Amino acid sequence: MDTRGDQRQGFPPKVAEEILRLSAINTKYRESLKPHSWVKIADFDRQELVQLGYKYSEHDYIAAARAGNAQAMNVFLRSRVPIETKDEQSWTALIHAAAGGHEALAYLLLNHGASIISADRNGYGPLHWAAFYGHHNIVKLLLEHHADVNARSKLGWTPLMQAATQGHTVTVA
């Protein structure tokens, strides 16, 4: 039995907001674990991908992200691909966009719900790679989407350390 009476106030607003944000991330992650058929796709989407030089496959989804091909990525996303699909290095499309300096693609992926906290097998996320390569506009975009500026890789590296070691003073500022 609850003996606190009417004095309960709940979580402070900032804590409640963070709980809801993390809950949404967890839901997206659980959804990404469900199997996806890389066979089913609308004919017009398949034809558009072929015209753009891609097949409807995990490999070509990542290849389009690596190339920064926003038009192809729009088709993949419209076809409801698992947005957190990873390549052999455990890089997601967002990590490729961030590392490659593809700002429009990073924006597109974030607006479609790409995880800001995804990380490769060494613990480096999109913010780490954008900072490492000095893509300060993408760093800014990721921070606006609440990327953790203090996120540490498995080796303890933060995005700031990544930028500083490469001499990216604009990114560090």
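The model is predicted, so local features need pLDDT of at least 70 and side-chain atom pairs count only at pLDDT 80 or more, while totals for chains, interfaces and linings use all residues. Residues are numbered from 1 along each chain as its sequence is written, and side-chain values use heavy atoms, with hydrogens and water left out.

The protein chain contains ten helices and zero strands. Helices (H or I, at least four residues) and strands (E, at least two) are DSSP runs, numbered from the N terminus. Along the sequence, the pattern reads α-α-α-α-α-α-α-α-α-α. The C-alpha atoms fill a box of roughly 65 × 45 × 25 Å along the principal axes. Of the 173 residues, 39% count as buried. Buried means under 20% relative accessible area, exposed means over 50%, and partly exposed lies in between (1.4 Å probe, protein chains only). The chain exposes about 10700 Å², and carbon and sulfur atoms supply 54% of this area. Accessible areas come from the Shrake-Rupley method with a 1.4 Å probe; for residues, only the protein chains shown count as cover. A contact means heavy atoms within 4.5 Å. Among contacts between residues at least 6 apart in sequence, 58% join residues at least 24 apart.

Helix H5 (93-100) is largely enclosed by the rest of the structure, because seven of its eight residues are buried. These are Ala 93, Leu 94, Ile 95, His 96, Ala 97, Ala 98 and Ala 99. The buried residues of H5 pack against helix H3 (58-67), H4, helix H6 (103-111), helix H7 (126-132) and helix H8 (136-144). Just after H5, Gly 101 takes a positive phi of about 75 degrees.

Asp 87 sits in the loop between helix H4 (70-78) and H5. Asp 87 is buried, because its relative accessible area is 11%. Its side chain makes a polar contact of 2.7 Å with the side chain of His 96. A polar contact of 3.5 Å links the side chains of Asp 87 and Arg 66. A polar contact is a pair of N or O atoms within 3.5 Å; within protein, one must be able to donate a hydrogen and the other to accept it, and residues adjacent in sequence count only if both atoms are side-chain atoms. Leaving aside residues up to four places away in sequence, Asp 87 touches Ile 62, Arg 66 and His 96.

Rings of Phe, Tyr and Trp (its six-membered ring) pair if their centres lie within 6.5 Å; planes under 30 degrees apart count as stacked, over 60 as edge-to-face and the rest as tilted. By this rule there are seven aromatic pairs. The rings of Trp 91 and Trp 129 have centres 5.0 Å apart and planes at 45 degrees, so this pair is tilted. Trp 91 lies in the loop between H4 and H5 and Trp 129 in helix H7, so the pair ties together parts 38 residues apart in sequence. Trp 91 is buried, with a relative accessible area of 11%. Trp 129 also counts as buried, at 14% relative accessibility. Trp 91, Tyr 124, Trp 129, Phe 132 and Tyr 133 form one aromatic cluster.

Ile 19 lies in helix H1 (residues 13-32). This residue is partly exposed, with a relative accessible area of 40%.
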